[in-house]
Amino acid sequence: MGQLEGKTAVVTGGSTGIGLATAKRFAAEGAHVFITGRRETELEKAVAAIGNATAVPGDVSVGADVDRLYERVRERGQGLDVLFANAAINHLATLDELTEDMHDAVFDINVKGTFFTVQKALPLLNEGASVILTASTAAESGAAGMSAYGASKAAVRAYARAWADELGSRGVRVNVISPGPVNTPMWDAAFGDRAEEMLKAVAAGLPPKRVADPDEIAAAVTFLASPDSSFVYGANLYVDGGLNQI
Ligand code: NAD
């Protein structure tokens, strides 16, 4: 029996990177996984790779889209056991470069999107459900060009503290995963042609001298999703190669 046998899971941003790796793990552990994201073709490819999955296209920063996602989950009739709020973007820009549009986009998707993702799931969450929010080492360690992103991730971490307290009495656990550098399309989006060079430079500063594979984050998320973490509430689990730990 898998750790998530018969469970229903939602992964936002589940068509690439950490979200896709986690959706695959959840399905391998026996869950049916709903994934959402903005690009239909990517979602369909991901469903084929995951297996036991349903794609519901949508933007997490648009309330009506998140409602549509949960309507599909509701129709399945088994509630929701695992919610991985993973979708996010980064706009690399120093303070003098950061525009209002960039700032709004980062906060709309990373912060408001996480709020919609969890608030709108409330009627569906089963007793013992696990909610995992995605922060980042960037929430606590500053780097040039990462202020809006880092601030958005600090907000996500703060959400988890209060929501863990609010939902704990319903038997729902809320925790945070904080990855360090992971080789995903987010680096291409942020750095374009320089992504590989940047990943190498970051890797050199880490104890293992490499960045993470998305599946290494997925393994930790699966721990938080499973009954193995049944007394873990409001925690922030770093999977960062030591970046923020030493
Ligand atoms: P990624 O770009 O592959 O994944 C992000 C996913 O979110 C994509 O599938 C994207 O399509 C989706 N998405 C973006 N905006 C959306 C929206 N408005 N609505 C729905 N879906 C949307 O990158 P990733 O690295 O796998 O990122 C996953 C999570 O991990 C993010 O929260 C990111 O901030 C976090 N993270 C990543 C790293 C890293 O180094 N890659 C480090 C720390 C934290």
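A backbone N or O atom of Val182 lies 2.8 Å from an oxygen atom of the ligand, a polar contact being a pair of N or O atoms within 3.5 Å. The protein covers 95% of the 810 Å² of accessible area that the ligand has on its own, as computed by the Shrake-Rupley method with a 1.4 Å probe. The model is predicted, so local features need pLDDT of at least 70 and side-chain atom pairs count only at pLDDT 80 or more, while totals for chains, interfaces and linings use all residues. Residues are numbered from 1 along each chain, and side-chain values use heavy atoms, without hydrogens and water.

**Ligand surroundings**
- Among the 29 residues around the ligand, Thr16, Asp59, Asn86, Tyr149 and Thr184 come nearest (near: a heavy atom within 4 Å).
- Thr16 places a polar side-chain atom 2.7 Å from an oxygen atom of the ligand.
- A polar backbone atom of Asn86 is 2.7 Å from an oxygen atom of the ligand.

**Helices α1 and α2**
- Leu20, Ala23, Lys24 and Ala27 of α1 meet Ala46, Ala49 and Ile50 of α2 (contact: heavy atoms within 4.5 Å; helices: DSSP runs of H or I, at least four residues, numbered from the N terminus).
- The residues of this contact divide into 6 nonpolar, no polar and 1 charged, where Ala, Val, Leu, Ile, Met, Phe, Trp, Tyr, Cys and Pro count as nonpolar, and Asp, Glu, Lys and Arg as charged.

Notes:
Helix = DSSP H or I, 4+ residues; strand = E, 2+ residues; numbered from the N terminus. Polar contact = N/O pair within 3.5 Å; in protein donor to acceptor, adjacent residues only side chain to side chain.
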